[in-house]
There are 2 protein chains.
Amino acid sequence: MQASRLAELVVAGMGDGGRTKALASSLRSLIVDGRLLDGDRLPAERVLAEALQMSRSTVTAAYDQLRVEGILVGRQGAGTFVSVPAIEGGRPDEDPRLGEAAHFDLSVAVLPAPSLLAAAVSAAAESIVVHLASIGLQPAGLPELRTLVASEYSRRGLPTTPDQILITSGALHGWDLLLRAFARPGAPVVTEQPTYPGVIDAALAHRVRLRPLPVDADGWHPEELDPARTPVLAHVTFDGQNPTGLWADRSTRNRVLSTFDSSTLVAVDETIIDFPSSPTVGAETSPLAHNSTVVILGSASKSFWAGLRVGWLRGPASMIRRLAALRAGQDLAPPILNQLVVAELLRRREEILPDRRDAIAGRRRALLDAIEQYCPNWTVVPPAGGLAAWIDLGGRSSTQLAIEAREHGIRVTPGTRFSQTGTHDGFLRLPYVLPIEHLEESVRRLAAASEKLPSARPRHHPNAATAWSA
Amino acid sequence: MQASRLAELVVAGMGDGGRTKALASSLRSLIVDGRLLDGDRLPAERVLAEALQMSRSTVTAAYDQLRVEGILVGRQGAGTFVSVPAIEGGRPDEDPRLGEAAHFDLSVAVLPAPSLLAAAVSAAAESIVVHLASIGLQPAGLPELRTLVASEYSRRGLPTTPDQILITSGALHGWDLLLRAFARPGAPVVTEQPTYPGVIDAALAHRVRLRPLPVDADGWHPEELDPARTPVLAHVTFDGQNPTGLWADRSTRNRVLSTFDSSTLVAVDETIIDFPSSPTVGAETSPLAHNSTVVILGSASKSFWAGLRVGWLRGPASMIRRLAALRAGQDLAPPILNQLVVAELLRRREEILPDRRDAIAGRRRALLDAIEQYCPNWTVVPPAGGLAAWIDLGGRSSTQLAIEAREHGIRVTPGTRFSQTGTHDGFLRLPYVLPIEHLEESVRRLAAASEKLPSARPRHHPNAATAWSA
């Protein structure tokens, strides 16, 4: 990481303690956040000291502190590197630091598979036989699945043909392909702020220039986008916005979309569309007007199971062909078997989704009740949909809370991970996908962890923090 | 595409006919090659004329010709665009231009599934049940499969632990992740020349500066790499080099690898390792010396089935963790079900591979015999392994042959697709994966197509063409 960029992030995350302690704490937060990855080389002490306008001895002392903790290692002649004890793929059940204690993962807003999934897999195991005589490579996806996905859009009032559908490895993969196809390094790209971290990570991997579309308790604020800089791509989530749980009404959709002219390709991510908090929430919205500069990203990950890795992208047929061709340099084609499973699940969606929505509704209520009971200083606007709540911690730092929560066997993602710029440290996303008793126990433990934090820490991003609770 | 880059490619592909006809033909070849994609905007006629140092009327006439053929379209005020009739994902069975005629696809070197695959899918449908209670996201892959893959390397003499294995969506996806992690735009990256087109496409998508490692009938020529420019990444295939079918002996491997110092990460692609032309070919080589700057790419696509989309990458554990974290901005994790299928196939590999090798050996022999019989002017060095032969067409253009072959119901990939720079037009890769009678019929038709081409077309890349047949 460049020294100047790191200095920016570090300053944003520093508290008010002594310089050394503050710097060590800020660096530790960046590592916990995942913005400094295992194996990343840190700038030389002298270089970071200059970028931070601090004394070199302060930086040395902070590095030393983190070396003692074992999360930095020095390699002779090569520099100082981040060294995170192995957390295979970031799942807490493999995190040795959590030891034997009971632990709960509130960092992911994803459900286990519905019980019908096993039957769908068995059905796919039979229907794959006809495909085994082929080479198994269909870059745009299986015609059978493309037809089913297209007809679902048509049913919702957006006439769609199968050649307008590209099957992907999840909605995020669709966003990644759009970035690959249409965004050169340095190109302006808009994402909501806050938004799902993967959306930001994908954009950063393509080295684009990110611009935030602010989202707060009052909704979307496209008027704050710089009108002089037309983005080539934008990513928005109108249905169960992640992490805020907002659901845009029709006029909001039109207002946001009309901000962009035809030189911006707008990706509307519908990953969470099957989870409005009540039937009336989803009913007031309608499919997007047919517009060649709007593409829709869809996914089986929330509705059915993330372990399938199947999503799709709806766009003009010529764009679909282009994106399918791009895969010749990436993953060639989606796997056949998983597509057959998802086809079966789509045919049986009405046997699956009502139960799933009911379970979620109960958990949503339980989480909000537990917060009211145990965390009276937290503020949360009840989510209109989705699988998570976005909580104002009342002046405490979610990064510090995330670190402290680990000691209590709880894994949460700090609010800063949902921001392009390290803001929103005063917010925490809490998914409500765990069983009710686990959610209640998790909130109790988070309340205990929160008690250990210095209270009323001055806010470094007052605008971001107050806008939501306003 | 930039006018200057297009001009370069066009000049490389132009024959000796009239300027207009030659320009139209060269542009047509670029479209057939896939280097100009459906929807690509061509430079304005004036701009291309300048770049080519041709008169504007010549360019206009060539564009007009291609508009008449329907592969270019003008859009009022927007420019001239490539418009390829829909070939969904490039599979000939969906290509309307091939009409009702019998057709054979010799553009892919991939086999259908072995008969045991259906049983492996059924086994996976049972073993997935224990995973359905989880969220299904393990970014580095299922521990069960990582353990099996690691133990196979250990068995071959390269001690490997499961945390050194990342499960990917095929070997190409592993290469794409390496580019994403380690190659900035403009960074020097080496690939063999010729090589598998996907390897080039992936690198170009990351906007790196490609440098060729020449490979010809005499083998690998690392001495031709510019020693002043240290690449950050290199991609090599020692086992069944694609497309040449070469198999490197131990000293060749050492010679190539020792060209690179520790600042180059070398990806050794073993996708084809299970297909030596005889047991002695594979036996004389050994696993790579343990070296932290060598990573190995593996795949289930050739050994078992491409429709599974499962591959893997072996590297240092710290790199594996880093690459797994990168997926948070791309595909999150590999799908569970396919990994279970591949685990089952790996356990039963000795029931599958001998039959597959025998079938391939028969087809290899049949293809070479048919070429000798029907195409006496073609030269081919019998491949030491792999699934394709690399043929010197004796002065004819493989691009022109690819176009003419379509009229005969045969799909082949021109030699230029295997080159970074549009060279190797005098070569054709012919896979031997189709049944023997289809291969024989295909070669008969290719011979007929070849007869219709102007013979003894002057070579524009004499070095590339003669080096192979030397």
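Analyst: Chain A has 16 helices and 16 strands. Those are DSSP runs, numbered from the N terminus: helices are H or I with at least four residues, strands E with at least two. This is a predicted model: local features need pLDDT of at least 70, side-chain atom pairs count only at pLDDT 80 or more, and totals for chains, interfaces and linings use all residues. Residues are numbered from 1 along each chain as its sequence is written, chains are lettered from A and ligands numbered from 1 in the order written, and side-chain values use heavy atoms, without hydrogens and water.

User: What share of chain A counts as buried?

Analyst: 60% of its 470 residues. Buried means under 20% relative accessible area, exposed over 50%, partly exposed in between (1.4 Å probe, protein chains only).

User: And α12(A), how many of its residues are buried?

Analyst: Eleven of twelve. Among them are A:I336, A:N338, A:Q339 and A:E344.

User: What span should helix α12 of chain A have, and what are its ends doing?

Analyst: Residues 336-347 should span 16 Å at 1.5 Å a residue, and the end C-alpha atoms are 17 Å apart, which agrees. The expected span is 1.5 Å times one less than the number of residues.

User: New topic. How does chain A superpose on chain B?

Analyst: By a rotation of 180° with 0.1 Å of shift along its axis, RMSD 0.1 Å. That is the relation of a two-fold axis.

User: Which contact residues recur in chain B?

Analyst: 100% of those of chain A, so the same surface serves both copies. Contact means heavy atoms within 4.5 Å.

Conventions:
Copies are superposed by least squares on the C-alpha atoms of residues with pLDDT of at least 70 in both.
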